[in-house]
Amino acid sequence: MSKPTLDVTPHPQPAGAAERAALMQNPAFGRVFTDHMITLRHSAERGWHDWRLEPRHAFDLDPGTLSLHYAQEIFEGLKAYRLPDGGATLFRPDANARRFRASAERLAMPLLPEEIFTGSVRALVDADRDWIPSAEGASLYLRPFMIGTEVALPPEPSAAHLFCVIASPVAAYFKGGAAGVTLWVSETYTRAAPGGTGAAKCGGNYAASLVAQAEGRREGCDQVVFLDAVERRWVEELGGMNVFFVFDDGSLQTPPLTGTILPGITRDSLITLARGMGLAVREEPYAIDQWQADAQSGRLREAFACGTAAVVTPIGRVKGARHGFVIGNGEAGPAAARLKAALTDIQFGRAADPHGWLDRLP
């Protein structure tokens, strides 16, 4: 089947400069959206077809649409950044394209060609580049996703799919400056089990985490940290972020990718940057009891979470039914600050990009 061509329909009444500026003043995460979106359909008979850039609009879905019943859905998250010269760039969209394909394979969905994924996000950013914020630390968050659209109730893979990309200008995900976030250790709920969908970026993983997140907020915490589903011993990840630990010898440790943890692109980037700084980075299991003991003894100096939305977020305190401890002085440590600065300086074009991570738009 031939590759589709992108059909462009500009918005007849895009937001004006004054309206756009007002909407982009410190926007809450994912609450403001740009003028356009990308859509692309797939069927067994036609392959990928009807690739469009068009005004953002609501979907018209039949109540029997398969994804509404069996959660056959995947998504990605990446950002576009305003450069010092006024230009725009994406950060590692090829890595997101590869992970999107891996998620699709796990959810029995068609594999989107990487060039169509990257072409879609580039086209949307180009059309809506005036929505890329210029404020410090702000960016344009891109949400590519795919759903099964066949109208059918048998629990089988959908025969039809819709791929879409929307965009949202965002400021910092967590507020509070240097203060570290507080985590709740989930003893009742787990995020993923061996053989499950933990390594896929699908909505079901996040839905399963919400009750634990709500439990944590009732306990005064910002986020939840999940343990493994087998022994309830090993630290895995937060509700939507990977986690790193920094020790008194300067080394870093992060849980290994064993199929139950999302292979974060920010995680991978930080490992590369840390090793480039001469820091030792281990991908090894870390027990929650050991985390507490190391924090209390001073062996553990820092801990931080990372992800596309929040970038690098220091962890200051951990609470739970059996655990309660402070990490360092409860604020951002030097390793987290150094790594965040190194990453964001590349993303925003303030530093050289030796790894070829930036995909600049013309």
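This is a predicted model: local features need pLDDT of at least 70, side-chain atom pairs count only at pLDDT 80 or more; totals for chains, interfaces and linings use all residues.
Residues are numbered from 1 along each chain as its sequence is written, and side-chain values use heavy atoms, without hydrogens and water. Local features need pLDDT of at least 70 and side-chain atom pairs count only at pLDDT 80 or more, whereas totals for chains, interfaces and linings use all residues.

Helices (H or I, at least four residues) and strands (E, at least two) are DSSP runs numbered from the N terminus. Helix α3 covers residues 93–106, 14 residues in total. From first to last C-alpha, α3 reaches 20 Å, close to the 20 Å expected at 1.5 Å a residue; the expected span is 1.5 Å times one less than the number of residues. Buried residues (under 20% relative accessible area with a 1.4 Å probe, protein chains only; exposed is over 50%, partly exposed in between) in α3 include Pro93, Asn96, Arg99, Phe100 and Ser103. An α-helix has 3.6 residues a turn, so residues three or four places apart point the same way. Just after α3, alanine 108 has a positive phi of about 60°.

The end C-alpha atoms of α6 are 17 Å apart, which agrees with the 16 Å that its twelve residues should span at 1.5 Å a residue. Among the buried residues of α6 are Ile265, Arg267, Leu270 and Ala274. Glycine 278, which follows α6, has a positive phi near 85°.

Aromatic rings of Phe, Tyr and Trp (its six-membered ring) pair if their centres lie within 6.5 Å; planes under 30 degrees apart count as stacked, over 60 as edge-to-face and the rest as tilted. By this rule there are 13 aromatic pairs. The ring centres of phenylalanine 91 and tryptophan 357 are 5.5 Å apart and the planes are at 75°, so this pair is edge-to-face. Phenylalanine 91 lies in strand β6 and tryptophan 357 in the loop between α8 and β18, so the pair ties together parts 266 residues apart in sequence. Both phenylalanine 91 and tryptophan 357 are buried.

Phenylalanine 100 and phenylalanine 163 also form an edge-to-face pair, because their ring centres are 5.6 Å apart and their planes are at 70°. This pair links helix α3 with strand β8, across 63 residues. Phenylalanine 100 and phenylalanine 163 are both buried. One aromatic cluster is formed by Phe245, Phe247, Tyr286, Trp291 and Phe325.

The largest pocket has a volume of about 910 Å³. A pocket is an open set of points on a 1 Å grid over the protein atoms alone where a 1.4 Å probe fits, with protein on both sides within 12 Å along at least five of seven lines; lining residues have an atom within 4 Å of a point. The volume is the space filled by probe spheres set on the points, which are joined across faces, edges and corners. The lining has 38 residues, of which Phe29, Arg143, Tyr173, Tyr206 and Ala309 lie nearest the pocket centre. Elements giving two or more residues to this lining are β7, β8, α5, α6 and β15, and α5 gives the most, with five.

Asparagine 26, in the loop between α1 and β2, has a positive phi of about 50° although it is not a glycine. Asparagine 26 counts as exposed, at 56% relative accessibility. Aspartate 50 lies in strand β3 and has a positive phi near 55°. Aspartate 50 is partly exposed, with a relative accessible area of 32%.
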